[in-house]
Protein chains: 4
Amino acid sequence: MSEQLIAAEIVASENASREAVLKRDYEALGEQLSRRNISIDDIRKKVAEFGVAIPSWGVGTGGTRFARFPGGGEPRDIFDKIEDCAVIAQLTQATPTVSLHIPWDKADPKRLKQAASRFGLRFDAMNSNTFSDARDQKLSYKYGSLSHADAAVRKQAVEHNIECIEIGKTLGSKALTVWIGDGSNFPGQVNFATAFRRYLDAMQEIYAELPDDWRLFTEHKMYEPAFYSTVVQDWGTNYLIAQELGPKAFCLVDLGHHAPNVNIEMIVSRLIQFGKLGGFHFNDSKYGDDDLDAGSIDPYRLFLVFNELVDAELSGAKGFDPAHMLDQSHNVTDPIESLMLSAVEVQRAYAQALLVDRRALETYQGSNDALMATQTLKAAYRTDVEPILAMARFEKGGAIDPVSAYRAAGYRAKVSTERPAVASAGGGIV
Amino acid sequence: MSEQLIAAEIVASENASREAVLKRDYEALGEQLSRRNISIDDIRKKVAEFGVAIPSWGVGTGGTRFARFPGGGEPRDIFDKIEDCAVIAQLTQATPTVSLHIPWDKADPKRLKQAASRFGLRFDAMNSNTFSDARDQKLSYKYGSLSHADAAVRKQAVEHNIECIEIGKTLGSKALTVWIGDGSNFPGQVNFATAFRRYLDAMQEIYAELPDDWRLFTEHKMYEPAFYSTVVQDWGTNYLIAQELGPKAFCLVDLGHHAPNVNIEMIVSRLIQFGKLGGFHFNDSKYGDDDLDAGSIDPYRLFLVFNELVDAELSGAKGFDPAHMLDQSHNVTDPIESLMLSAVEVQRAYAQALLVDRRALETYQGSNDALMATQTLKAAYRTDVEPILAMARFEKGGAIDPVSAYRAAGYRAKVSTERPAVASAGGGIV
Amino acid sequence: MSEQLIAAEIVASENASREAVLKRDYEALGEQLSRRNISIDDIRKKVAEFGVAIPSWGVGTGGTRFARFPGGGEPRDIFDKIEDCAVIAQLTQATPTVSLHIPWDKADPKRLKQAASRFGLRFDAMNSNTFSDARDQKLSYKYGSLSHADAAVRKQAVEHNIECIEIGKTLGSKALTVWIGDGSNFPGQVNFATAFRRYLDAMQEIYAELPDDWRLFTEHKMYEPAFYSTVVQDWGTNYLIAQELGPKAFCLVDLGHHAPNVNIEMIVSRLIQFGKLGGFHFNDSKYGDDDLDAGSIDPYRLFLVFNELVDAELSGAKGFDPAHMLDQSHNVTDPIESLMLSAVEVQRAYAQALLVDRRALETYQGSNDALMATQTLKAAYRTDVEPILAMARFEKGGAIDPVSAYRAAGYRAKVSTERPAVASAGGGIV
Amino acid sequence: MSEQLIAAEIVASENASREAVLKRDYEALGEQLSRRNISIDDIRKKVAEFGVAIPSWGVGTGGTRFARFPGGGEPRDIFDKIEDCAVIAQLTQATPTVSLHIPWDKADPKRLKQAASRFGLRFDAMNSNTFSDARDQKLSYKYGSLSHADAAVRKQAVEHNIECIEIGKTLGSKALTVWIGDGSNFPGQVNFATAFRRYLDAMQEIYAELPDDWRLFTEHKMYEPAFYSTVVQDWGTNYLIAQELGPKAFCLVDLGHHAPNVNIEMIVSRLIQFGKLGGFHFNDSKYGDDDLDAGSIDPYRLFLVFNELVDAELSGAKGFDPAHMLDQSHNVTDPIESLMLSAVEVQRAYAQALLVDRRALETYQGSNDALMATQTLKAAYRTDVEPILAMARFEKGGAIDPVSAYRAAGYRAKVSTERPAVASAGGGIV
């Protein structure tokens, strides 16, 4: 059995005080759902099987170009990060995997594997980094990486990605995620077509090194860090890439990487329909790539994305097997708390989407009854599925109320004494 | 020789008062350009050969859902419209073709051809209309057309498009433009994948009827008239369509049909690079599909689009042959005046883009000299090419100052007496 | 007692089939809420007292500049509209008032009063219209109304608004809402400062005619029908207006009239804090002023607006007395159905906001516990308050399921035979 | 006479090779302008008198939360920064002042004054910093500063601002600019009204310490670093602040701090009309607060802003005296080069706006001739005023081509050897 960083007694005691109410609420909801011909236990089981990966970098406190305000007990290295991820997994029972970022998380692969398996964690997609310069890196990515004008820089970036694959093989990862910051800040700075050609050529070299049972995820983003043009700026370009590279290449959708007002769930549908949806970086946003907690700003949008995913799952869309990962920046909250509740929010959207009466929906769609069609979605979305999520956690040994249990355990205070504070930078980048 | 609706003496007299100054300015600019190793005459010749199509519906006064405020002397039918287009062509010498909209412009094809050839005009792409219900139409497009849930509606829409091709064949058109309003106003109203599948199937039927020397242009638009989802919502979907349909299918870019902040010139580059740029609907916008006069809001953006086009032209991009059309709504100006100046604006952007020192640009790009690269574009853009445009018009028999000549001729006053006012609607649609 | 257009037996029979389940759900929810120290009956009473006005123009089918697709049985005049409003009020018990639009709804005031009182309806704010030209209107509003360059046009617009006040006095209205389309489509078309000065002067003339117990609501909108600049473009300008005019002048907030990504609930808070919130035009939108059904796109945003309203209500914000009205355009649904469910959605957001544990919220805010603060809102929002809303309707004599009762009664079919179809326009405005 | 860091001979030699052509172009343009009844010398004189302040932080290389890629020879402290500013001022003759940021630029005020006067530079507005934590700062601004829930933090922030005033007094500054990052990342995290009340109270304390001949500039920004709400989020709130504080309080407009699509020139007009325009932070942007070089993305927008400023200047708007400052982040260019060209771009917009035929414009506006009104602006904008700008520089002792002279002088290479490289951070903040 896996080691647990939160004492079992604390979880037990926290749960004990909530168990009776949970059962009562679960029962009441179950009765309501049975009237809608839905088995609450079936939903609970599906939720229990649903997992989302934690990004290793998410457990540290985030920041902006203006400042980063460190929190207490921040992880000093990947091993501290894995411990924080273990806490999240223990209390939520929803996050069985960790996604690494190289070179930030570089360490002896064997030690990494041991550290993770100690807590029953596995490794999700590997993430390469060519959007910043690593210490002692030979050539700079200031003007790009995989699309750089200089072949030597592209080569370095290709080799770095191949190295990520190599590390991932040892760790049991089955995917490489490539997000680059390449682009331009001024009209004319780069030739769009030339840069994209170079990018595709470099990606082909990486793709060639991909093991047969791996997938390659490319991630689009409208802007930032580049502020005039970005090489992989939207799903259209992302689709072209996946198509050019081949059957192991897929598109990754980060919910915060689109233009204002864009209908993201429709992009998800298109990628599913054309067999190129690789997975998600979940988070929420109001303005740009705000990297806020999943579901914190527009929870209905998250539900609508899952409405597409469940529709694909139930209709047996060909090759449908999306990867789920959180990708957030926690500037003012305890990252562990935010990640726990974000994982729960993702499960919540999944559970709500499972409640949609799809036969009724199809009928309304067929008769152009827009009002009843949209009400069919709303009826599912409005259902308070918290008892299902809590019961799924509870039955798997997690906490009915993860934040309460986490706070009761005093984990943050404990690691704050063990992990020396990371010095605050004197000022931001501006 | 073509008939002229603006008396030759008026144009001559108007030009006479401006000729000396024009020649002086042309000479001064010529000297400046020769210092930059550019032959002003070469640029002038290219500009003179550059034409943009006038949409037949553009010569009527536009409006919004709140109201339409008619102008004087509005065209009553396609024959009036052709006359207005002839005036634009005569004075600007930049608009040799007219683009028809069926069923609005339906008439005896022989009469249409005669009406146009009388003024030396030809017909550009045919436009079908399934976003509104024609009088006496059997089935309504209220809930969609080519993607409608009901096969009978889709069939009607397909047949309408095939009819447009038939009419176009007689008129000498070589392209069909398909823009539809299909989409939804509510989450759940349509199943995205099902609707797109139906759309693709319907389009394949239309494509099958396309003559070998024709092209099919599909046009994407983010929203309006549908306000939650739109079947052909962006260039990503548009590209999928062109790819699914085949080698005669291309994507049409309307500058006002994108999400806020989107880098349109980059989309243009992608479509060129993958051989799927069909052409443009030129206009300008600040908020949504505002359909304002080309270059009136963000002239630098128009230049940046032409920078891509000229780059493709000079580098011999494979299959590069974009169609150019204005698509604007003139709510507060005389449509003829707006269309004349908009055609000139499009030529202006083309002329400026021709002035870019592409060898220097490439060098700066190669050495990551972002500042000098962008200044190379700016140097071309800043050049006041008005003398080139005016000289091109003048030498072809047009007006040095088209608006002044048009006003001097009193055309609007004349047609206002001939064409009875279209009654103003009592109120808008809201 | 008021006359009822939906037979009482139908409502009774519809309710009978739902009553037992409703009571059971109400009880279960009541128990849950009592655990949170909330009395479900208190919430139900507050909801029962909460009303939202129906705009007379909302019961007709809306459209876009591209087309309007009429529905069956559309109201031919204001008397038909009042009947449709009576149906909405009967079934939802949430819409006690109607808001008129002059000149669209112009009729003998006595007859209007009788028609409304027959169904127990009252009149909410009067709406003037200077964004379109009425038949036989002397001067056109093509280039503006209250800010027009010509004093005669401004005078005509002022007089129209004063006439609206006069009509409203007879009808028992207590407010005038002024929304104008004035603005420009081109840089330079108007001088911003001059136009705004003229607008303020004209509004002062209207304000001078306002009875002491009336309020004047001005409504801002970012764009449309003007596409470059709009005289009352945002809440900043709207606040200036209210401040310049005096204590009876207030700002009206239409949820769809803001720039992309704007935090609307914050604007609501600012207007409350500075004593200038007049009220709302509720609707929802994804792109621009889409005028979709309230809560259909982003229900959490609607909740966050009501979170501000309830906070102001409970904290006794000075002069806080906002007017609530729906303002939507129903292009693909039966307007009566959409308005019924939209009124319910507004009540839903109100009910959810009443559930917020404000003492806990304040404590979390005071200790910078962002996570628990936002979870406090989420806990309220997640609660499925449908039983409260249904019970409030039921106890007041409305329908537990308004759409089902409405459909069962066959009202639309009935009026479709009585009201001849409004001829579909041959095509849109474009 | 001031000391010069670029050898006079280099400037002279660079200018010598360009002087003849400049004179020729200046003459040709002068003749063109005289035809439009404009004296080129008058314009040149106005341009020569126009200055824009350089922000001290602008001469270092900027970055994003993902990475900062240092350039060579970056300034190590405020004294190096002043030298870089001196180079900009020498070559452009357009930037007579430097704007300091405290605590980043904290140093012995006497030394600061000497350092600046050595190069003939003066000090513009002082900028306080409460958006990041200074080393050894007692209380953190993680959860806000002037609006913080804790009175002690607010007091610390007030005192810091008062200290900035004190330093500024010694340096001869006459204004304090306050921009704060206060806001929230989650709905509910702060109470909007309470936080704003606290902000206003704190600002009143600062205002009370403002010398009589000083001005207080507050700067609004839609988002970043806060991603759900920002205390001073738009010009509406900014205006409320200036009004609440008193006659020495004004609004500062940063061109990149608005919602997508917002008409900024209209905001400028409103603030002028109500006597509250304090000044500008010039830059350009495509997506968010991109801080790109002024005029690099949308030069026509910059012109339209200056069109308002010149209109106010010529019409004698009461109390009109805006401060001009650049505020940019240079991530991929040499900051000195970007700042030189940006200062020139600001002058360019000013020069173009001076060319507008305002009498004609007013006439067209009065007769609703939208087309000719907008063409009147375009005619001015299209004029290539480069000879005027270059001549203004040349006559004041600057460089005809500042970038060329700067590169010829080898300044960057020289300081790169003198100033040790700032170590690149190992990775970004994410």
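Strand 4 and strand 5 (residues 175-178) of chain B pair in the parallel sense over two bridges; strands are DSSP runs (E, at least two residues), and helices are runs of H or I with at least four residues, both numbered from the N terminus. Two strands are taken to pair if DSSP finds at least two bridges between them. Within this pairing, B:Asn127 stands opposite B:Thr177 in strand 5 of chain B. The two strands belong to an open sheet of six strands in chain B, with the order 4-5-7-9-10-11 and parallel pairing. Strand 4 (126-127) and strand 11 (323-326) of chain B stand at the edges with a single partner strand each, so one side of each has no neighbour in the sheet.

The model is predicted: local features need pLDDT of at least 70, side-chain atom pairs count only at pLDDT 80 or more, and totals for chains, interfaces and linings use all residues. Residues are numbered from 1 along each chain as its sequence is written, chains are lettered from A and ligands numbered from 1 in the order in which they are written, and side-chain values use heavy atoms, without hydrogens and water.

| Item | Value |
|---|---|
| Residues in contact (heavy atoms within 4.5 Å) | 52 residues from chain C and 52 residues from chain D |
| Buried area (accessible area, 1.4 Å probe, lost on being put together, summed over both parts) | about 4200 Å² |
| Share of buried area from carbon and sulfur atoms | 60% |

C:Phe192, C:Met266 and C:Asn368 supply 14% of the area that chain C buries against chain D, more than any other three residues.

Several elements of chain C each supply at least two residues of the side that touches chain D, among them helix 6 (192-208), strand 8 (229-230) and helix 7 (235-245). Helix 7 of chain C gives the most to this side, with seven residues.

Chain D can be laid on chain A with an RMSD of 0.0 Å by a turn of 180 degrees and a shift of 0.0 Å along the axis, the superposition being by least squares on the C-alpha atoms of residues with pLDDT of at least 70 in both copies. The two copies are therefore related as by a two-fold rotation axis. In chain D, the C-alpha nearest the axis belongs to D:Arg65, 2.2 Å from it.

Technical notes: Buried area is the accessible area (1.4 Å probe) that two parts lose on being put together, summed over both.
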